[in-house]
Amino acid sequence: MPTRSASPPLRARSSRSAVAPGTTSALVLQGGGALGSYQAGVFEAIDQQRRPLDWVAGVSIGAINAALIAGNAPEQRVPRLREFWMQLSSAPAQRLPEWCGPRLWRSQWSAAAAMGMGIPGLFQPRFDPSLLLGDNAPLTSYYDTAPLRSTLERLVDFDRINHGDMRFSIGAVSVRGGNSVYFDNRRDTIGPEHVMASGALPPGFPPVRIAGEDYWDGGLVSNTPLQYVLDEHERARPLLAMQVDLFSARGAMPATLSGVGARVKDIQYSSRTRMNTDVLVDNVNLQQTLADALGQLPPALRDRPGVAELLARLTRAPVEIVHLIYRNRPDELDNKDYEFSRASVQYHWAAGLRDMRATLAHPDWLQRKVLTGGVVTYDLSEPDGARVHPAATYPRAPGGKTFMLSK
């Protein structure tokens, strides 16, 4: 059963917590539109502790944030993220002063202006007379995303993505095939069009054609690339996956129509990440238990081809998943994913910075135990107490490895 403990004081910590030698560190970013500045704040906290990243994966706005991270030198990553998010919140309607009215009113005006006039550096409305035909208009989107291409070309070094040390993976959906497709710099030459495809949410944004195929936003099938990272990662190496979600599957019963709309989005786009990771923990830990049982067989049986192959498939190095989920403000409405006001962008960024600092300074993270296998998940920024879904304690199989933690 999960364990719960009180949340620690919010504070930064200069020391680095223990990780297993040879661990692959991956940052996994969910889609969520204007909420994505939360992920930028999370990354700033990681960057402040000089924690190296080996892999960044994203969907939709998470893909854009991932490109800004992987496509810049380490010292430029936070400044480029900040420049991007400041540009998106730079229109006059996004920067109304407080004396203009209550925050809720300013938020609604910001979202309405985004729909009517677009967002600088991201999208602009199509002024096409055929839109008067309504649903019969011969168009595939209401907005033009050419501004996003210009922004990516200015802020992201795609040569660095394609030739750098950091692995880069982003998810999209084939319009015709209907299945998830991942663009990965291990096998693909990444360009602006791949990032745009990952965030091409219809009918607002148009599909993006790549090599004769058309793609939409990856969140249509799965709004998080966590499963892709787990499937693709080399099983013999320990993995630390920092999963940053922008929609919470859990929430209060809504009392207004706008609240209903917001709650529907949370449920639709959360991708049930917590449930999926809990199922993953149980499945992988069961596999590891079976692998350890097979490892106790006499060598004559254990080394048979079928048994040896099964043992290899069941054995996995330790996996740690640090899970952060943005928690809505009580006054956020169903427009929260396209409300790009400067105040909201800064609030979400600060929330991500705070939550990641709290996680990295939490006793359950700093004092975690040696793992010999299996998966453990950490939700340490929970408002009602930390949640740890621990890996089982495994007997060491003959010839197996124990992954020690080092400072």
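**Close-up views of helix packing, a cavity and a pocket**

Helix 1 passes helix 3 in a left-handed crossing, meaning that the near helix is turned anticlockwise from the far one by less than a right angle. The model is predicted, so local features need pLDDT of at least 70 and side-chain atom pairs count only at pLDDT 80 or more, while totals for chains, interfaces and linings use all residues. Residues are numbered from 1 along each chain as its sequence is written, and side-chain values use heavy atoms, with hydrogens and water left out.

**View 1. Helix 1 against helix 3.** Axes are lines fitted to C-alpha atoms, for helices over the stretch in contact, with angles from 0 to 180 degrees between N-to-C directions. Helices are DSSP runs (H or I, at least four residues) numbered from the N terminus. Ser37, Ala40, Phe43, Glu44 and Asp47 of helix 1 meet Arg77, Val78, Leu81, Arg82 and Trp85 of helix 3, where contact means heavy atoms within 4.5 Å. By class, this contact of helix 1 with helix 3 has 5 nonpolar, 1 polar and 4 charged residues. Ala, Val, Leu, Ile, Met, Phe, Trp, Tyr, Cys and Pro count as nonpolar, Asp, Glu, Lys and Arg as charged, and the others, Gly among them, as polar.

**View 2. Helix 3 against helix 13.** The axes of helix 3 and helix 13 (residues 342-360) come within 10 Å and cross at roughly 150°. Helix 3 is therefore roughly antiparallel to helix 13. Val78, Leu81, Arg82, Trp85 and Met86 of helix 3 make the contact with Arg342, Val345, Gln346 and Trp349 of helix 13. These residues divide into 6 nonpolar, 1 polar and 2 charged.

**View 3. The second largest cavity.** This cavity holds about 50 Å³ of space. On a 1 Å grid over the protein atoms alone, a cavity is a set of points where a 1.4 Å probe fits but cannot get out; lining residues have an atom within 4 Å of a point. The lining includes Arg103, Asp331 and His348, and divides into 1 nonpolar, 4 polar and 6 charged residues.

**View 4. The largest pocket.** About 690 Å³ of space lies in the largest pocket, an open set with protein on both sides within 12 Å along at least five of seven lines. Volumes are the space filled by probe spheres set on the points, which are joined across faces, edges and corners. Of its 30 lining residues, Gly33, Leu201, Phe205, Asp337 and Tyr338 lie nearest the centre.

Notes:
Helices (H or I, at least four residues) and strands (E, at least two) are DSSP runs, numbered from the N terminus. Angles under 35 degrees count as roughly parallel, over 145 as roughly antiparallel, 65 to 115 as roughly perpendicular and the rest as oblique.
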